[in-house]
Amino acid sequence: MPTCSGGAFPRLPAALASLSPALRGLGHVGSWLPADAGGQASTRLPVAPRSVFARRAACGTGVAVPPPPPATTREERLPAVTNPAESGRRLRCSQSPREIVPRASPQLRGMGTRASLLGPPQPPRVGSAPQGLWPAWVGWKAPLGCGPVQIHLQRGAQLPLRDALGGHGLMSRRIYGPIWKSTFGHYENINIGSPVVLEQLLRQEGKYPMRSDMALWKEHRDTRHLPYGPFTEEGERWYRLRQVLNKRLLKPSEAVLYADAIGEVVSDLMVRLRDERSRSPSGVLVGDVANLLYRFALEGISYILFETRIGCLKQQVPAETQRFIDSINLMFKNSIFATVLPRWSRKVLPFWDRYLDSWDTIFAFGKTLIDRKMVELEGQVERGKEVSGYLSYLLASGRLSLDEVYGSVAELLLAGVDTTSNTLSWALYHLSRDLGIQETLYQELKAVVPANRFPGAEDIPKMPMLRAVIKETLRVYPVVPTNARVFYEKDIVIGDYLFPKNTLFVLAHYAMSHDETYFPEPERFLPQRWLRGHGSPHHPFSSIPFGYGVRACVGRRIAELEMHLALARIIQAFEVRPDPRGVEVTSVSRIVLVADKPINLEFIARPGAP
Ligand code: HEM
């Protein structure tokens, strides 16, 4: 047999919007930033076939086939769904499935080799490539399915483009089924669009799951000799880091310790909200609520992490804080260019330097606040005062170096802002459009919280509708619409397929949480489906907005607390109504799932609200 070889940010400017589909699925706050697709891989790949098509031709003829251009994306159905759990039956496939390794399936057995699935094992760098996370927006798709390969959709066809812009993998899931393969340039991934398959995959996770290699973020840390944080670190070092970070953050009972701090920030949000609405011509309209909520989320997470207020909710944001906010924006913008432009252009174009500089400002801001706090804490300790708070805990734990604290806090900060703010914006948007649901929520609130006080953390367990609203918001708008996993330690078996280690799996969460098999009328916002005794049971992996397992979101409890407290306070004080101009908003993926246009809402004061 011949051997085959071959190779949030919410307010991105309009010009970048056209690029943004390419970042689809990069996840929240760009945390799944791809490897430099346009550049040279730092490691030479061992005989990795560029694509099934190239490999076939090369295998068949012995003629070297040039790799496809890097910007080409395509998607393919895997031969026959052979996962009995998925379909309840084994589909027959007449195709010679060179691409799929036969494991148990009799019709596949013996027809290929392990290496012929995705090529020989590749180093993790390939796994980090954006292709699976990138849509087929400039590409073409071809089902591998049964029978000879055929081009299913031509370059520039309507479907991939529409899918890329609005489908978030939904369309591919409908066309290709629960599991499909896509390629982007030289890279290949396996997309998972079924909770049943997803469960099989994630239950095989080892001790140190890997999402992607975060090459771009790591490059900044390496260039500047800075430590990695929870997003960038891997293996045993990541595990050690997470063990420290999880404490005081991940358990609901520990997150509640920050309720007073969050309550204080929610109070400032209410002041800002009242101020903004009073300045509108109607006296009730707040334009671009996501922007206001962004400031709330940044203030909230900074207060928890630095134990310091940074003034995001002041009418005049302090210059130092504004510079920091601007650099987050700049970092994401320039990372897009750093990703798509070839490596050599870094020397002649300004984007790479700007990317590094903006990260430097983010780190410098964090470092200044941490250093300031340290001086304060030392004074407190000298005076025999007890210190508390997350930063104090990290510094006092003795398990992280000061450098590691700098690195971790910067990454926690970036993860904790547009995730919560966009989710809250979507929740308010839907409540404004369904006054019945809003009224139910308000009545629940009134029954639990007396009119003379604000809702607190202790009230949340008594408010199932409040929790259901957030769950449903995250189902309809999973802030991280696609996630990823690379299993670098071992081969992975799903149903009858065997995937060699280092395969990149793209987890199409949006597609799964919009699957009508699990969520009838998936496009409708129906929080009641999460209430006990209501709604149909759904698969536990069909909506997992905070991820899964030991690598799941470390900020989940904080995020929930922030969202529950802020939403409860807003609904206690106001009836939220849609923009009277009737602007319809849809979701687009710009690093995280955001609204395609500003969400403007009316806030009508409720009589007798505290
Ligand atoms: C609505 C709010 C949020 C959502 C939906 C969300 C979602 C996610 C998801 C899906 C992941 C990937 C998990 C996986 O791969 O299995 C993740 C990771 C992460 N999140 Fe969040 N997140 C939110 C808020 C926050 C907040 C407030 C923080 C900071 C306190 C935070 C910090 C992180 C960090 C550090 C990671 C990386 C963990 C690791 O790789 O070990 N997130 N988040």
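E307 counts as buried because its relative accessibility is 18%, where buried means under 20% relative accessible area, exposed over 50% and partly exposed in between (1.4 Å probe, protein chains only). E307 sits in the loop between helix 13 (289-306) and helix 14, and its phi is positive, about 55°, although it is not a glycine. Most residues other than glycine have a negative phi. H225 also has a positive phi of about 55° without being a glycine. H225 is in the loop between helix 9 (215-223) and helix 10 (235-246), and it counts as exposed because its relative accessibility is 70%.

A word on what you're looking at: this is a predicted model, where local features need pLDDT of at least 70 and side-chain atom pairs count only at pLDDT 80 or more, while totals for chains, interfaces and linings use all residues. Residues are numbered from 1 along each chain as its sequence is written, and side-chain values use heavy atoms, with hydrogens and water left out.

Zooming out, the protein chain has 22 helices and 12 strands; these are DSSP runs numbered from the N terminus, with helices being H or I of at least four residues and strands E of at least two. Of the 610 residues in the chain, 60% are buried. The chain exposes about 23,600 Å², with carbon and sulfur atoms supplying 56% of it; accessible areas come from the Shrake-Rupley method with a 1.4 Å probe, and for residues only the protein chains shown count as cover.

Now for the salt bridges, of which the structure holds 32 (a side-chain nitrogen of Lys or Arg within 4 Å of a carboxyl oxygen of Asp or Glu). R240 and E404 form one, with the closest N and O atoms 2.6 Å apart. That pair links distant parts of the chain, R240 in helix 10 and E404 in helix 17, 164 residues apart. R240 is partly exposed at 36% relative accessible area, whereas E404 counts as buried at 13%. Elsewhere, salt bridges with shared partners join E264, D268, E299 and R309 into one network. D357 and R224 meet in another salt bridge (3.7 Å, N to O). Here too distant parts are linked: D357 is in helix 15 and R224 in the loop between helix 9 and helix 10, 133 residues apart.

On to the rings. A search of the whole structure turns up 18 aromatic pairs; rings of Phe, Tyr and Trp (its six-membered ring) pair if their centres lie within 6.5 Å, and planes under 30 degrees apart count as stacked, over 60 as edge-to-face and the rest as tilted. Y390 and Y393 make a tilted pair, 5.9 Å centre to centre with 40° between the planes. Both lie in helix 16, three residues apart, about one turn of the helix, and both are buried. F499 and F505, by contrast, pair edge-to-face, at 5.2 Å centre to centre and 80° between the planes. F499 counts as buried because its relative accessibility is 0%, and F505 is buried with a relative accessible area of 0%. Ring pairs also link W217, F231, W359 and F363 into a cluster.

Last stop, the surface: W344, V348 and L349 form a nonpolar patch with about 350 Å² of accessible area together. Patches are made of residues with over 30% relative accessible area and no salt bridge, joining like charges within 9 Å and nonpolar side chains (Val, Leu, Ile, Met, Phe, Trp, Tyr) within 5 Å. W344 lies in the loop between helix 14 (319-340) and helix 15 (351-382) and counts as exposed at 64% relative accessibility.
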